[in-house]
Amino acid sequence: MTSAKLPEQCETMTEVRIGVDEVDRALVALLVRRFGYMDAAARIKNDRGTVRDEARKAEVLDNVARAAAAAGLEPERLRAVWNELVEQSIAYEAVKWDRLRA
(Lines give C-alpha, C1' and ligand atoms only; values in the text may rest on other atoms or scores of the structure.)
Protein backbone atom coordinates (compact mmCIF):
# COMPACT_ATOMS: atom_id res chain seq x y z
CA MET A 1 0.00 0.00 0.00
CA THR A 2 2.11 2.85 -1.22
CA SER A 3 0.42 4.80 -4.03
CA ALA A 4 -2.64 6.07 -2.17
CA LYS A 5 -2.64 9.16 -0.03
CA LEU A 6 -3.36 8.81 3.66
CA PRO A 7 -7.02 9.56 4.47
CA GLU A 8 -6.19 12.89 6.10
CA GLN A 9 -4.30 13.95 2.95
CA CYS A 10 -7.19 13.27 0.53
CA GLU A 11 -8.74 16.30 -1.12
CA THR A 12 -10.89 14.63 -3.79
CA MET A 13 -13.23 11.66 -3.99
CA THR A 14 -10.92 10.15 -6.60
CA GLU A 15 -8.14 10.11 -4.02
CA VAL A 16 -10.48 8.60 -1.43
CA ARG A 17 -11.55 5.87 -3.86
CA ILE A 18 -7.96 5.07 -4.79
CA GLY A 19 -7.20 4.66 -1.10
CA VAL A 20 -10.26 2.49 -0.45
CA ASP A 21 -9.45 0.27 -3.44
CA GLU A 22 -5.87 -0.15 -2.24
CA VAL A 23 -7.01 -1.08 1.26
CA ASP A 24 -9.53 -3.53 -0.20
CA ARG A 25 -6.78 -5.29 -2.17
CA ALA A 26 -4.70 -5.54 1.01
CA LEU A 27 -7.69 -6.91 2.93
CA VAL A 28 -8.27 -9.58 0.28
CA ALA A 29 -4.62 -10.63 0.58
CA LEU A 30 -5.02 -10.89 4.36
CA LEU A 31 -8.23 -12.88 3.95
CA VAL A 32 -6.43 -15.30 1.65
CA ARG A 33 -3.97 -15.87 4.47
CA ARG A 34 -6.74 -16.16 7.08
CA PHE A 35 -8.59 -18.74 4.99
CA GLY A 36 -5.30 -20.58 4.57
CA TYR A 37 -5.43 -21.08 8.33
CA MET A 38 -8.92 -22.52 7.87
CA ASP A 39 -7.39 -24.97 5.38
CA ALA A 40 -4.86 -25.94 8.03
CA ALA A 41 -7.55 -26.30 10.70
CA ALA A 42 -9.60 -28.56 8.42
CA ARG A 43 -6.53 -30.69 7.85
CA ILE A 44 -5.58 -30.86 11.54
CA LYS A 45 -8.97 -31.38 13.20
CA ASN A 46 -9.92 -35.05 13.50
CA ASP A 47 -13.56 -34.48 14.41
CA ARG A 48 -15.91 -32.47 12.17
CA GLY A 49 -17.81 -31.44 15.28
CA THR A 50 -14.86 -29.31 16.34
CA VAL A 51 -15.07 -27.17 13.20
CA ARG A 52 -17.57 -24.95 15.03
CA ASP A 53 -16.10 -23.78 18.33
CA GLU A 54 -18.39 -21.24 19.97
CA ALA A 55 -15.92 -20.47 22.76
CA ARG A 56 -13.22 -19.63 20.22
CA LYS A 57 -15.68 -17.58 18.17
CA ALA A 58 -16.59 -15.53 21.26
CA GLU A 59 -12.90 -15.04 22.03
CA VAL A 60 -12.19 -13.80 18.48
CA LEU A 61 -15.13 -11.37 18.60
CA ASP A 62 -14.09 -10.07 22.02
CA ASN A 63 -10.50 -9.59 20.81
CA VAL A 64 -11.72 -7.62 17.79
CA ALA A 65 -14.05 -5.48 19.91
CA ARG A 66 -11.20 -4.61 22.28
CA ALA A 67 -8.84 -3.80 19.40
CA ALA A 68 -11.52 -1.67 17.73
CA ALA A 69 -12.19 0.28 20.92
CA ALA A 70 -8.46 0.84 21.45
CA ALA A 71 -8.21 2.18 17.89
CA GLY A 72 -11.14 4.55 18.38
CA LEU A 73 -13.62 2.56 16.29
CA GLU A 74 -17.07 1.34 17.27
CA PRO A 75 -16.56 -2.11 18.83
CA GLU A 76 -20.05 -3.39 18.00
CA ARG A 77 -19.74 -2.39 14.34
CA LEU A 78 -16.50 -4.35 13.97
CA ARG A 79 -17.89 -7.20 16.04
CA ALA A 80 -20.72 -7.48 13.50
CA VAL A 81 -18.28 -7.52 10.58
CA TRP A 82 -16.12 -10.15 12.29
CA ASN A 83 -19.15 -12.24 13.20
CA GLU A 84 -19.86 -12.61 9.48
CA LEU A 85 -16.19 -13.28 8.75
CA VAL A 86 -16.05 -16.00 11.40
CA GLU A 87 -19.29 -17.58 10.19
CA GLN A 88 -17.97 -17.64 6.62
CA SER A 89 -14.69 -19.09 7.89
CA ILE A 90 -16.53 -21.86 9.72
CA ALA A 91 -18.59 -22.68 6.63
CA TYR A 92 -15.45 -22.71 4.49
CA GLU A 93 -13.62 -24.94 6.96
CA ALA A 94 -16.53 -27.40 7.11
CA VAL A 95 -16.54 -27.76 3.32
CA LYS A 96 -12.75 -28.23 3.33
CA TRP A 97 -12.99 -30.79 6.15
CA ASP A 98 -15.56 -32.78 4.17
CA ARG A 99 -13.55 -32.63 0.93
CA LEU A 100 -10.39 -33.80 2.64
CA ARG A 101 -12.17 -36.87 3.95
CA ALA A 102 -14.38 -37.69 0.95
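This is a predicted model: local features need pLDDT of at least 70, side-chain atom pairs count only at pLDDT 80 or more; totals for chains, interfaces and linings use all residues.
Trainee: Which residues of H2 are buried?

Mentor: Lys-57, Val-60, Leu-61, Val-64, Ala-65 and Ala-68 are the buried residues of H2. They cover an arc of only 135° around the axis, so they lie on the same side of H2.

Trainee: What do the buried residues of H2 pack against?

Mentor: They pack against H1 and H3.

Trainee: And which exposed residues does the face turned away from the buried side carry?

Mentor: That face of H2 carries Ala-55, Arg-66 and Ala-70.

Trainee: At what angle do the axes of H2 and H3 cross?

Mentor: The axes of H2 (residues 54-70) and H3 (residues 75-100) cross at roughly 145° and come within 8 Å. The crossing of H2 past H3 is right-handed.

Trainee: Which residues make that contact?

Mentor: H2 contributes Lys-57, Val-60, Leu-61, Asp-62, Val-64, Ala-65, Ala-68 and Ala-69. From H3 come Pro-75, Leu-78, Arg-79, Trp-82, Asn-83, Val-86 and Glu-87. By type, the contact residues comprise 10 nonpolar, 1 polar and 4 charged.

Trainee: What should the 17 residues of H2 span?

Mentor: At 1.5 Å a residue, H2 should span 24 Å, and this agrees with its end C-alpha atoms, which are 24 Å apart.

Trainee: Changing topic, where is Cys-10?

Mentor: Cys-10 is in the segment before helix H1 (13-44). Leaving aside residues up to four places away in sequence, Cys-10 touches Lys-5, Glu-15 and Val-16.

Trainee: What separates the C-alpha atoms of Cys-10 and Tyr-92?

Mentor: Those C-alpha atoms are separated by 37 Å, and the two residues are 82 residues apart along the chain.

Notes. Residues are numbered from 1 along each chain as its sequence is written. Side-chain values use heavy atoms; hydrogens and water are left out. Axes are lines fitted to C-alpha atoms, for helices over the stretch in contact, and angles run from 0 to 180 degrees between N-to-C directions. Helices (H or I, at least four residues) and strands (E, at least two) are DSSP runs, numbered from the N terminus. A crossing is left-handed if the near helix is turned anticlockwise from the far one by less than a right angle, and right-handed if clockwise. Contact means heavy atoms within 4.5 Å. Ala, Val, Leu, Ile, Met, Phe, Trp, Tyr, Cys and Pro count as nonpolar, Asp, Glu, Lys and Arg as charged, and the others, Gly among them, as polar. The expected span of a helix is 1.5 Å times one less than its number of residues. Buried means under 20% relative accessible area, exposed over 50%, partly exposed in between (1.4 Å probe, protein chains only). The arc is that of the directions from the helix axis to the C-beta atoms.
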